[in-house]
Amino acid sequence: MAEAGQPQLLGANAATTSVVLASGSRFRAELLRNGGVPFTIDVPGVDEGSVRDSLRAENATTEDVATVLAELKAVAISRKHPDALVIGSDQMLDCGGVWFEKPVDRDHAEATLRALSGKTHRLVTAVVVARAGSRIWHAMDSVTMRMRPLSDDFIQHYLDVVGEDVFASVGAYQLEGLGAQLFTGVEGDYFTVLGLPLLQLLEFLRTHGVLAR
């Protein structure tokens, strides 16, 4: 289990309440670190594709899928660390009823950007906190993203500059970087776009003594 983050403005129970991030996302880790949350990382081995396909066959909503996947990750890791508060999260991109996944290669990333170009899509982010194998808290948020029409030249230039970072996002973009050039409008919470409903999560951690009130 990897160490991550340095404590800032800790609550009275912080020394006895450990926090584990059940995610390999460096963006989520950076959000927690910048928010002053002391935590470690333990990445779950959840087969997200199979779960997503199964839920799609059951006509589950985008919100349902994001929540189920976030819970599976949090619960799996909380069984290994029963005394810890384990944070699991998942993000779903829905454009006109089509779900997008993280691109696996440059061709896939290019196809994703072409499909989203000039359209409005929803980015749904769920976060779940589990303890001792059970969910004890969750939050959900969604953001509306309006992408401008992208030229072929821009898409190629963008992929050249961003490199492998495009594989870390379901939409092949990071809003905090060059990805900002893809959009004409964003309606919703910035942190949700980056991968966590951070403000809600920080409030939960304050109520559990991890952070100072």
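Some questions and answers follow.

This is a predicted model, where local features need pLDDT of at least 70, side-chain atom pairs count only at pLDDT 80 or more, and totals for chains, interfaces and linings use all residues. Residues are numbered from 1 along each chain as its sequence is written, and side-chain values use heavy atoms, with hydrogens and water left out.

Q: Which residues have the most contacts inside the largest nonpolar core?
A: A nonpolar core here is a set of buried Ala, Val, Leu, Ile, Met, Phe, Trp, Tyr and Cys residues joined through side-chain atoms within 4.5 Å, and buried means under 20% relative accessible area with a 1.4 Å probe, protein chains only. This core has 47 residues. Those with the most contacts inside it are Leu 32, Leu 113, Tyr 158, Tyr 173, Leu 182, Leu 201 and Leu 205.

Q: How many residues of strand 6 are buried?
A: Strands are DSSP runs (E, at least two residues), numbered from the N terminus. Strand 6 covers residues 120-131 and is mostly covered. The buried count is nine of twelve.

Q: How many bridges join strand 6 to strand 7?
A: Two strands pair if DSSP finds at least two bridges between them. Strand 6 and strand 7 (residues 134-147) run antiparallel, and Ala 126 stands opposite Met 140 in strand 7. The bridges joining them number twelve.

Q: Which residue takes a positive phi in the hairpin of strand 6 and strand 7?
A: The hairpin has two residues between the strands. The phi in question is near 55°, and it belongs to Ala 132.

How values were computed
Buried < 20%, exposed > 50% of the residue type's maximum accessible area, 1.4 Å probe, protein only. Helix = DSSP H or I, 4+ residues; strand = E, 2+ residues; numbered from the N terminus.
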